[in-house]
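Subject: Structure for your files

Hello,

Please find the structure below, with the sequence. My notes come after it.

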Amino acid sequence: MLGATLAAFATISFLLCMLLGFAAPGWGLHGPWLQFYLVLTGFDLRSLALGLLQSVIFGGYAGASIAAIFNFISRRFG
């Protein structure tokens with residue numbers, strides 16, 4: 001459940017960033033986003049599709065990792 005929540009959060013955040021880029025193209029893409037999202041070229045459909053895919057994958061991975069660490073610690077020390 002945590003993985004799905006983080007994946008949804010990352011996807012919504014990415015979509016809002018892309019919508020802002022479509023609405024105000026002169027502002028450009030912020031540097032930190034380029035560190036997390038690989039192969040983004042700008043505000044086009046290819047970047048949108050790749051960014052959505054990466055948001056789901058990375059969000060799910062982060063959520064699953066955090067849940068596994070939490071469960072291990074809670075069983076070990078809880």
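The notes below go from the overall fold to single residues.

This is a predicted model, in which local features need pLDDT of at least 70, side-chain atom pairs count only at pLDDT 80 or more, and totals for chains, interfaces and linings use all residues. Residues are numbered from 1 along each chain as its sequence is written, and side-chain values use heavy atoms, with hydrogens and water left out.

Overall fold

The protein has three helices and zero strands, where helices (H or I, at least four residues) and strands (E, at least two) are DSSP runs numbered from the N terminus. In sequence order the pattern is α-α-α. The radius of gyration is 15 Å, well over the 12 Å that the globule rule gives for 78 residues, so the protein is more spread out than a compact globule. That radius is taken over C-alpha atoms, and the globule rule is 2.2 Å times the number of residues to the power 0.38. The C-alpha trace spans about 50 × 20 × 20 Å along its principal axes.

Of the 78 residues, 24% count as buried (buried is under 20% relative accessible area, exposed over 50%, partly exposed in between; 1.4 Å probe, protein chains only). Among contacts (heavy atoms within 4.5 Å) with a separation of 6 or more, 59% are between residues 24 or more positions apart.

Cys17 is in helix α1, residues 2-23, and is buried at a relative accessible area of 13%. Trp27 is in the loop between α1 and α2 and is exposed, at 65%.

Helix α3

α3 has 33 residues and reaches 47 Å from its first C-alpha to its last, close to the 48 Å expected at 1.5 Å a residue; the expected span is 1.5 Å times one less than the number of residues. Ser47, Leu48, Gly51, Gln54, Ser55, Gly59 and Gly63 are buried in this helix. An α-helix has 3.6 residues a turn, so residues three or four places apart point the same way. Gln54 has a relative accessible area of 10%. Leaving aside residues up to four places away in sequence, Gln54 touches Phe36, Tyr37, Leu38 and Gly59.

Val39 is in the loop between α2 (31-36) and α3 (45-77). Val39 is not a glycine, yet its phi is positive, at about 60°. Most residues other than glycine have a negative phi. Val39 is exposed, at 53% relative accessibility.

Leu38, Val39, Leu53, Ile57 and Phe58 make a nonpolar surface patch of about 480 Å². Patches are made of residues with over 30% relative accessible area and no salt bridge, with like charges joined within 9 Å and nonpolar side chains (Val, Leu, Ile, Met, Phe, Trp, Tyr) within 5 Å; a salt bridge is a side-chain nitrogen of Lys or Arg within 4 Å of a carboxyl oxygen of Asp or Glu. Ile57, in helix α3, is partly exposed at 48%.

Regards

Methods:
Areas by Shrake-Rupley, 256 points an atom, 1.4 Å probe, with all protein chains shown as cover.
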